[in-house]
Amino acid sequence: MIQVYNTLSREKEVFKPLTPGKVSMYVCGPTVYNYIHIGNARSAIAFDVIRRYFEYRGYTVKYVSNFTDVDDKIIKRAREEGVDEMTIANKYADAFHADTLPLNIKPATIRSRATEVIPDIITFVQDLIDKGYAYESAGDVYFRAKQFKGYGILAHQDLTEMTANAAGRLDDDEQTRKEDPIDFAVWKASRDADEIAWASPWGNGRPGWHIECSVMSQKYLGKTIDVHGGGIDLAFPHHTNEIAQSEARTGQKFVNYWLHNGFVNVDNEKMSKSLGNFTTLHDMLTDYDDPMAIRYLLATTHYRRPINYAPDTLAQARAALERIRTGYRNLQFRLADAVPGQDTALETTIQQQIEAFELAMDDDFNVPNAVAAIFELITLANTYAEATTVYDGTVTTLLTTIETLMGVLGIDGLSGASDLTAEQRRLIDARAIARTSQDYQTSDELRDQLKTLGIIIEDTPQGQRWHRAK
């Protein structure tokens, strides 16, 4: 029985999908005007793990996410680079796919772009106007926030305070166009001739930021969905406004479970360009040779907790992951001399750790406790690898279990063999031959060469093993 923490109720609730065996899930994606930063990556990984666990538990997940590909930031970037807006959007949408691929983030079932649903957005906005929830003003269309009962409940904010804060952010022109400072734009008039725009009943313009997610969610998942996710910074105003406009249009509950991931800090400070600590995933992947260690760092902190990204935390993540890889490989080496059969007692212990993993993940996806169960399996693997006799059935069960549970976290390639360079693989094989031939001088020389390449060789009664230098 999975329990999830619902931001709306501020309580853990038993997860009950709208349709038995199926999960409808919408997660806010990035605005594609730059390479995604580590906070975007953290959110993508957090909800990838949640999706994977639903699938592990037997659910079919329809996972929809978006690219905001028309926005003030995109327009500004296009002008700075002297190109059109779609050139910028396409460049960084492609970069998102390229940069998330090494982190093993599963593709969305549907990855929609705002520019692909413009007709749907216009229809949605017109419906809001027809229902009296929105109004046109000088080509803009605004949503009457206070007309929606319960506005702001997701963020648990006081409406009077929100109104005062909104008024403080408005310029004189915007103040004139709005009936109330807290009203938000669902359609924005085009005020520059060279700005990207679409024809609408209110003149040429483009969508407001919040409207696209409501439109895509309803278009691809239905009027009410099971799970909506995103960073905690989106709870207000983005998700607050999504609720208001969606439920105003349909008269139905928009989302049953709101899940939000925590922030990423850099060297214990909030990440920002002004502090000079703005870190893109693209740069991290360029500077670091182990994408799975990056994923391990971002995946193994509880999704609602903040993460501190720093060189030492990444090094700790890599060391922890290497412990898992080494334990997995230690046992994998024993398949060569395993005898037919099973160790019933050990398999019972393996099952107990599977249950511990599931108990942790059922509790609002408590990955830290789930990882503790995985490390218990690694201890079993290391111990069993040293046994005089091992049974092939039990070795396979333990290896498969570790691989499966790590797969829920999205971490693969545990054997590490696929990551070896051709030179490393050649030297490892040559050293094994030299050792078997009792050519100890050559085997020692090859061991030293491998060490300079970051590969540590160990000789055991069961043969040669290797692991990466920590």
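**View 1. Bridge partners Y135 and Y142 in the predicted model.** Y142 of β7 is the bridge partner of Y135. Strands β6 and β7 (residues 140-143) are joined by four bridges in the antiparallel sense; two strands pair if DSSP finds at least two bridges between them. Strands are DSSP runs (E, at least two residues) and helices are runs of H or I with at least four residues, both numbered from the N terminus. Residue numbers start from 1 along each chain as its sequence is written. This is a predicted model, in which local features need pLDDT of at least 70, side-chain atom pairs count only at pLDDT 80 or more, and totals for chains, interfaces and linings use all residues, while side-chain values use heavy atoms, without hydrogens and water.

**View 2. The open sheet β6-β7-β8-β9.** The four strands pair in an antiparallel manner in this order. β6 (134-137) and β9 (205-207) are the edge strands, each with a single partner strand, so one side of each has no neighbour in the sheet.

**View 3. The largest cavity.** Its volume is about 70 Å³. A cavity is a set of points on a 1 Å grid over the protein atoms alone where a 1.4 Å probe fits but cannot get out, and lining residues have an atom within 4 Å of a point. Points are joined across faces, edges and corners, and a volume is the space filled by probe spheres set on them. The lining includes R42, A46, L298 and F365. Helix α1 gives the most to this lining, with four residues.

**View 4. The second largest cavity.** This cavity, of about 30 Å³, is lined by residues including F148, Y151, T240 and I243.

Notes: 1 Å grid on protein atoms, 1.4 Å probe; cavity = no way out; pocket = protein on both sides within 12 Å on 5 of 7 lines; lining within 4 Å.
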